Amino acid sequence: MTSVILDKVAKSYGNLEVVHNIDLTIESQEFVVLVGPSGCGKSTTLRMIAGLEEISGGTVSIDSRVVNRVAPKDRDVAMVFQNYALYPHLNVANNIAFGLRIRRTPKDEIAKTVADVAAILGLTDYLDRRPSDLSGGQRQRVAMGRAIVRRPKVFLFDEPLSNLDAKLRTQMRAEIKQLHKRLDVTSVYVTHDQVEAMTLADRIVVMNDGYIEQIGSPMDLFMNPVSTFVAGFIGSPPMNQMQGVVSGTPSGKQVMIGDAAFAIPDNISVSDGQQVVVGVRPEHFSMTPDDGSPAIPISLNLVEPLGSEALLHATIAGQPVIIKAETNGDIKHLSGISQVYAPRNLVKIFDAESGVVITGQHGS
Ligand SMILES: Nc1ncnc2c1ncn2[C@@H]1O[C@H](COP(=O)(O)OP(=O)(O)O)[C@@H](O)[C@H]1O
Ligand SMILES: [Mg+2]
């Protein structure tokens with residue numbers, strides 16, 4: 001039962017602060033993913049938890065113990081990196097056993113532990129091989145095996161799948177998730193890939209320029225992004241964002257994008273004439289006026305079939321949008337589309353200047 005608590009954690013290199021007063025509580029056995037663009041401070045934050053970077057301000061606690069001054073090896077954490085960092089001259093068994101040897105674990109216990117971990121990771125047939133004779137996925141499994149045998153209180157992953165090709169990445173992603181289910185060890189996972197974040201996380205922490213932008217479950221971030229930054233980062237393709245202006249009507253407020261009217265949820269406080277950003281997810285556009293929202297004329301430029309779905313590249317009053325549509329096995333019917341609907345309760349409104357959401361909670 002291990003929680004990790006970051007209390008106003010900051011990191012500076014010289015005069016440059018790159019992580020700013022981060023507050024984050026990671027619950028025991030939780031799988032938390034730090035996601036954000038390159039350079040936003042993910043690795044630095046993870047390395048402060050690991051003890052590989054000095055903490056410039058605030059405290060990191062593991063299991064209710066402040067570890068700011070505790071050496072990495074005494075923090076009971078195990079880290080898996082992007083570049084595996086395996087010993088090239090040792091075979092798989094000895095790579096996995098390395099940490100145990102250093103701790104002078106008895107020989108028979110090492111043998112049993114290595115065998116158990118190899119079985120979990122599907123490496124039993126490869127124990128005699130050197131890393132150079134393994135595939136990328138197998139190497140990454142060995143790196144994980146080395147972390148698992150230490151029975152750490154916390155797993156820390158820094159972009160562990162970034163060196164793998166797309167297919168293997170999908171497979172290893174599922175393996176990491178299953179491993180977490182099985183071992184139930186508190187895990188912090190860093191990635192720039194929002195798909196990895198969405199699929200792996202109990203909770204996602206979106207970072208932006210050294211700050212935490214939003215913390216939430218994958219579906220919460222998908223449905224209720226707090227800012228245009230999160231809206232534009234989570235989802236593939238991400239949420240469409242169009243510049244619009246609020247216009248009051250007798251039947252309620254709407255936002256105009258050129259001549260196109262978007263119905264907006266009732267509960268949001270905007271004023272007539274206010275400049276806003278309208279956010280609609282590609283998959284939330286509809287081909288039918290289900291909830292009575294007005295038709296939105298589109299100018300369709302391109303249909304990209306993906307299989308069961310297609311991406312319609314279009315413009316609304318000159319502003320680019322991507323719309324996801326069902327193909328039902330054929331895309332001919334999509335090429336003639338000239339209007340779509342944006343269901344009122346799925347439309348998000350953001351302040352044009354700050355990018356902060358104005359919309360209330362979905363459905364509220
Ligand atoms: N040793 C260092 N000295 C100075 N700046 C650094 C150092 N390490 C990282 N940085 C800076 O800190 C910021 C955050 O880096 P990092 O945590 O590696 O980002 P991420 O992992 O999100 O890509 C970046 O702007 C990076 O240039
Ligand atoms: Mg990094």
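**Close-up 1. Helix H2 crosses helix H4 in a right-handed sense.** This is a predicted model. H2 spans residues 92–102, and H4 spans residues 136–148. Two packed helices are described by the angle between their axes and by the distance between those axes. For H2 and H4, the angle is about 30° and the axes lie 7 Å apart. Angles under 35 degrees count as roughly parallel, so H2 and H4 are roughly parallel to each other. On the H2 side, the contact is made by Val-92, Asn-95 and Ile-96. On the H4 side, their partners are Val-142, Gly-145 and Arg-146. Sorted by type, the residues of this H2–H4 contact are three nonpolar, two polar and one charged.

**Close-up 2. Helix H2 also packs with helix H3, at a crossing angle of roughly 130°.** H3 runs through residues 107–121. The axes of H2 and H3 come within 10 Å. With that angle, H2 and H3 are therefore oblique to each other. The crossing of this pair is right-handed. H2 contributes Ala-93, Ile-96, Ala-97, Leu-100 and Arg-101 to the contact. From H3 come Ile-110, Thr-113 and Val-114. By type, the residues of the H2–H3 contact are six nonpolar, one polar and one charged.

Close-up 3. Several polar atoms can be picked out here. A polar backbone atom of Gly-39 is 2.6 Å from an oxygen atom of ligand 1. For Cys-40, a polar backbone atom is 3.2 Å from an oxygen atom of the ligand. Thr-44 uses its side chain: an N or O atom there is 2.5 Å from a ligand oxygen.

**Close-up 4. A cis peptide bond links Ser-236 to Pro-237.** The omega angle of this bond is near -10°. Pro-237 belongs to the loop between helix H8 and strand S11. H8 covers residues 228–233, and S11 covers 240–249.

**Close-up 5. Gln-29 has a positive phi, although Gln-29 is not a glycine.** The phi value is near 70°. Where is Gln-29 found? Gln-29 lies in the loop between strands S2 and S3. S2 takes in residues 16–26, and S3 takes in residues 31–35.

Key. Residues are numbered from 1 along each chain as its sequence is written. Chains are lettered from A and ligands numbered from 1 in the order in which they are written. This is a predicted model: local features need pLDDT of at least 70, side-chain atom pairs count only at pLDDT 80 or more; totals for chains, interfaces and linings use all residues. Side-chain values use heavy atoms; hydrogens and water are left out. Axes are lines fitted to C-alpha atoms, for helices over the stretch in contact, and angles run from 0 to 180 degrees between N-to-C directions. Helices (H or I, at least four residues) and strands (E, at least two) are DSSP runs, numbered from the N terminus. Angles under 35 degrees count as roughly parallel, over 145 as roughly antiparallel, 65 to 115 as roughly perpendicular and the rest as oblique. A crossing is left-handed if the near helix is turned anticlockwise from the far one by less than a right angle, and right-handed if clockwise. Contact means heavy atoms within 4.5 Å. Ala, Val, Leu, Ile, Met, Phe, Trp, Tyr, Cys and Pro count as nonpolar, Asp, Glu, Lys and Arg as charged, and the others, Gly among them, as polar. A polar contact is a pair of N or O atoms within 3.5 Å; within protein, one must be able to donate a hydrogen and the other to accept it, and residues adjacent in sequence count only if both atoms are side-chain atoms.
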